[in-house]
Number of protein chains: 2
Amino acid sequence: MDKASRSPAMTDVARLAGVSHQTVSRVLNDHPNVKEQTRIRVRAAIAELGYRPNRAARALVTGRSQLIGVVARNSTLYGPASMLTEFEQAAADAGFAVSVGSVRELDRSSISAVVDRHLDQRVAGLVVIANVASAAEALAEIPGDVPVVFIDGDPASGRPLVTVDQVAGARAATRHLLDAGHETVWHVSGPTDWFDSAGRIQGWKQTLQEAGAEVPPLLSADWSAAEGYRTGQMLARMPEVTAIFTANDHLALGILRALHERGRRVPHDVSIVGFDDVPEAAYFIPPLTTVRQAFGDVARAALSLLLGQMRDDPGTADQIVVPPQLIVRESVARPA
Amino acid sequence: MDKASRSPAMTDVARLAGVSHQTVSRVLNDHPNVKEQTRIRVRAAIAELGYRPNRAARALVTGRSQLIGVVARNSTLYGPASMLTEFEQAAADAGFAVSVGSVRELDRSSISAVVDRHLDQRVAGLVVIANVASAAEALAEIPGDVPVVFIDGDPASGRPLVTVDQVAGARAATRHLLDAGHETVWHVSGPTDWFDSAGRIQGWKQTLQEAGAEVPPLLSADWSAAEGYRTGQMLARMPEVTAIFTANDHLALGILRALHERGRRVPHDVSIVGFDDVPEAAYFIPPLTTVRQAFGDVARAALSLLLGQMRDDPGTADQIVVPPQLIVRESVARPA
DNA sequence: AAAGCGGATGTTATCGATAACATTTCTCCG
DNA sequence: CGGAGAAATGTTATCGATAACATCCGCTTT
């Protein structure tokens, strides 16, 4: 049959239930003024036909889809990847689909291309995981009428934003090393144009200064184990280095290896604290003390901010900061 | 003005260009029968108004969106996560948006929920990263008229499928260990219901049998460093174990630590080969010999299969197998 | 020069939902 | 018991695109 090939529409349901299509629409949208009995009849018809509302039609008339666009950097870095899946999960629970638009670099033209693609799809809202400063200018282009939430963006931007409190995380890590008795703490940071890096650097520096400790020169790297290793080779040759705080766990891994090759034992000779708590961190040699970020909380917070904006709800806050948590394992000890 | 708040539609462009909306549509779709001069006028009007076609309207009338749905397990595992971002990238290059539907478990009900959500959005096609057998039955529910491609699915299913040649990868790894002089090779596999695991187990076993080596009992684990560690604690106590092939790099990491704690040196006492080549693998202690999967190739192949189906192009193959590559580092040596 | 043809363009119907308004049916109360 | 007002339901317009068909025009063809 030709009929069978086309999926049923609202009018088909209406006919079967003996009502008008509008009543079907009311049932679907939980409109209050529908008699219970009718509601049941309609539901039955929906089930019988396997009816499934056409979102395109709905989007056309309402001007809003049930789709949230995410702009993220193309990366398998643990942080961004976790954030993405957590957000998708939260959005799905709230009945939204998520369209990912990843981008090789967070520069102006790439971002506006992705944002354009999202706007083409008439997304109901946008989430931008904008962890670098260069993103800022491109984001000015996002039209004001589409709800946007930033994750990891510029805390000073004044835009709706959810972040992990990087400063607090870095303070906890640095504090932990100082408390163990180290005179000072070296820091291997991520790329300095990332907000995450900036916050961690700031927290580290502040804590040292408050403790009256000398602030060693900053070593910056990308996020990779490879650069951690290179930096580690240098640090391993410096006997005065007894405590290192790295901006993520992979950097720490590279440093662990460099120290190991040079015969410097962790934590006996050198203590080290990472950041992220990747699932493997507990199985490094030795198990890594690190700072865990609650990506799930961030994702859920971002979603609720976004939904608040969609509802035009003035009661919702516009900046949420999620506290991180120090996870103590075995990579820190009192200096020799 | 109220006018300014609503984005321009096709008729607005038509009015400005002095043509009918249908001509605008023709220009947009590169229809041949449009005079060059008209085409230029329309293009100018489009640019002037900043017109952007409404995909919802198009989807409504054509019944197809420019959206590809991906069904994947919610996970930050390196493999699946890489696959996802690679696929998104490829799809974006081809002008498609990607809607992710992740799922906590690949069981029947979760999968059909996600597939339903995708179908609601009228996706133009589906990509299912179905790495476990339990997924199979749920996938039978996908209606036949929507193009589907599987990544990592059941090689025997007869459905359009792209996979990495797990068997070949495992053979290369096992072979490499045997060639180094080991009498046999132990294998720590992933969950046995994953196709990936199954292929790797098969390749390992075959290679041993062909070489006339004894096949040690299979040790199976999940994919985590944690289980690798637990399994490693056992293996470390068995002096006859000199060569281990693990189903992924994280398992290898856990085993490395267990061996280290027990004083068994790698590769001097025990050789080990992983799978995946996560970016950190080169910085394990020691650097890990492993098998690299070309996720980018897989993603692009999957996309082209999908596009082929959409075009109803009979010329496209329906199963593509991407070869993996052995990456030799320092975790393998000749036995003592 | 009339017929015929194809290229360029316009007109109208259509997809499947919601919005806005119209109408019918209850229910309650004086 | 009649009428007001609310509840329940129906009717029609609409969103913005493409599909199908209609028309117009300029040329070739004979």
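Colleague: How many residues surround DNA strand D, and which are the closest?

Modeller: Please keep in mind that this is a predicted model. DNA strand D is surrounded by 25 residues, and the closest are Gln22(A), Ala9(B), Met10(B), Ser25(B) and Ala57(B).

Colleague: Which helix supplies the largest share of the surface near DNA strand D?

Modeller: Helix 5 of chain B does, with five residues. By class, the surface near DNA strand D has 11 nonpolar, 11 polar and three charged residues.

Colleague: Which residues come nearest to DNA strand C?

Modeller: Ala9(A), Met10(A), Ser25(A), Ala57(A) and Gln22(B) come nearest, out of 25 residues around DNA strand C. Here helix 5 of chain A gives the most to the surface, namely five residues. The classes near DNA strand C are 11 nonpolar, 11 polar and three charged residues.

Colleague: What rotation superposes chain A on chain B?

Modeller: In general, two copies of a chain are related by a rotation about an axis and a shift along it. In this model, chain A is superposed on chain B by a rotation of 180° with 0.2 Å of shift along its axis, and the RMSD is 0.4 Å. This is the relation of a two-fold axis. The same surface serves both copies, since 100% of the contact residues of chain A recur in chain B.

Colleague: How many residues of chain A are in contact with chain B?

Modeller: There are 45 residues of chain A in contact with 45 residues of chain B. On the side of chain A that touches chain B, the elements that each supply at least two residues include helix 5 (55–62), strand 2 (97–103) and helix 12 (249–261) of chain A. Helix 6 of chain A contributes the largest share, seven residues. By class, this side of chain A has 20 nonpolar, 17 polar and eight charged residues.

Colleague: Do the strands 2 of chain A and chain B run parallel or antiparallel?

Modeller: Strands of a sheet pair through backbone hydrogen bonds, either parallel or antiparallel. Strand 2 of chain A and strand 2 (residues 97–103) of chain B run antiparallel and are joined by three bridges. Val100(A) stands opposite Val98(B) there.

Colleague: What is the order of the strands in the open sheet of chain B?

Modeller: The order of its four strands is 7-6-8-9, with parallel pairing. Strand 7 (219–220) and strand 9 (271–273) of chain B stand at the edges, each with a single partner strand, so one side of each has no neighbour in the sheet. Strand 6 (residues 186–189) and strand 8 (residues 243–246) of chain B are joined by three bridges, and Phe245(B) is the bridge partner of His187(B).

Colleague: Which strands does helix 10 of chain B touch?

Modeller: Helix 10 (residues 195–210) of chain B packs on the sheet and touches strand 6 and strand 8 of chain B; its direction makes about 175° with that of strand 6. Helix 12 (residues 249–261) of chain B also packs on the sheet, touching strand 6, strand 8 and strand 9, and its direction makes about 145° with that of strand 8 of chain B.

Colleague: Why does Arg41(B) count as partly exposed?

Modeller: Arg41(B), found in helix 4 (residues 36–49) of chain B, counts as partly exposed because it has 17 C-beta neighbours inside 10 Å.

Methods: Residues are numbered from 1 along each chain as its sequence is written. Chains are lettered from A and ligands numbered from 1 in the order in which they are written. This is a predicted model: local features need pLDDT of at least 70, side-chain atom pairs count only at pLDDT 80 or more; totals for chains, interfaces and linings use all residues. Two residues are in contact if their C-beta atoms, placed from the backbone, lie within 7 Å. Ala, Val, Leu, Ile, Met, Phe, Trp, Tyr, Cys and Pro count as nonpolar, Asp, Glu, Lys and Arg as charged, and the others, Gly among them, as polar. Two strands pair if DSSP finds at least two bridges between them. Copies are superposed by least squares on the C-alpha atoms of residues with pLDDT of at least 70 in both. A residue is near a molecule or strand if its C-beta atom, placed from the backbone, lies within 6 Å of it. Axes are lines fitted to C-alpha atoms, for helices over the stretch in contact, and angles run from 0 to 180 degrees between N-to-C directions. A residue is buried if 20 or more other C-beta atoms lie within 10 Å of its own, exposed if 12 or fewer, and partly exposed in between; C-beta atoms are placed from the backbone.
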